Amino acid sequence: THFGFETVSEEEKGGKVYQVFESVAKKYDVMNDMMSLGIHRLWKDLLIWKMHPLPGTQLLDVAGGTGDIAFRFLNYVQSQHQRKQKRQLRAQQSLSWEEIAKEYQNEEDSLGGSHVMVCDINKEMLKVGKQKALAQGYRAGLAWVLGDAEELPFDDDKFDIYTIAFGIRNVTHIDQALQEAHRVLKPGGRFLCLEFSQVNNPLISRLYDLYSFQVIPVLGEVIAGDWKSYQYLVESIRRFPSQIRIKI
Ligand code: SAM
């Protein structure tokens, strides 16, 4: 396999990827905003919007890193569930909105039984995620687990939805990760993957080449003091199978 413009064996790739995310963890969120000009937020919002999780959904977010997908999921199920319950309560009991608000003081209740498990192989990324959760007040319906996408520490048929956002290209054996996703999903469960791929428009592709080769590693060096990790990022995107190959 290839890694940051050097050839490494498959056995070495996992360790190298670990070092990259260990090194970038503290600056990961700010770098995402800088490199994508904030657009990664919209892609993640869109993922949740497409998922449209119902109350009670059990979500597994693999390669969940600092929790962006998990927090969006919790916000979404909370707002959906509360909206529905408030409408029902109001209709049934003709309560005032203030009285209804009091019924929803309990955070667990407000999620309608939904839960998200964030699983990532990297301790440092999870640590930053947990700190963010504390700072932003996410407690209920959320758990963090250290684990490898290729060997998930969960029983079979456990989750309704499996997500992996910008994570699958970092996994050494993608087929193994997909088999694991299938194993832990309940029958009829859904797999949602957010990932970079190839740009087909030649003009945009040229601009993207310039940006990714000339700008991203420089940003990495200036903001995070880490040229090599961001060079890896650019290359890992390039080496990820095209949209057509991943579908097959
Ligand atoms: N999903 C988050 C997001 O969208 O912001 C984080 C994405 S980050 C680019 C990639 C994550 O994949 C890192 O947190 C890294 O530790 C994790 N990762 C890499 N290989 C993994 C593996 N084999 N199993 C689980 N997580 C892995």
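Reply: Let's start with strand β6, residues 159–165, which is mostly covered, with five of its seven residues buried. Buried here is 20 or more other C-beta atoms within 10 Å of a residue's own, with C-beta atoms placed from the backbone. Strands are DSSP runs of E, at least two residues long, and helices are runs of H or I, at least four, all numbered from the N terminus. Bear in mind that this is a predicted model: local features need pLDDT of at least 70, side-chain atom pairs count only at pLDDT 80 or more, and totals for chains, interfaces and linings use all residues. Numbering starts from 1 along each chain as its sequence is written.

Now for the neighbours. β6 pairs with β3 (residues 58–62) in the parallel sense over four bridges, and Val62 stands opposite Ile164. Pairing takes at least two DSSP bridges between the strands. β7 (residues 185–194) also runs parallel to β6, joined to it by six bridges, with Thr163 opposite Leu192.

As for domains, an automatic or database assignment sets the bounds: domain 1 is 1–37 + 198–248, and domain 2 is 54–195. Between them, 15 residues of domain 1 are in contact with 11 of domain 2, contact being C-beta atoms, placed from the backbone, within 7 Å. On the domain 1 side, α1 gives the most, with seven residues.

Key:
Buried ≥ 20, exposed ≤ 12 C-beta atoms within 10 Å, placed from the backbone. Contact = placed C-beta atoms within 7 Å.
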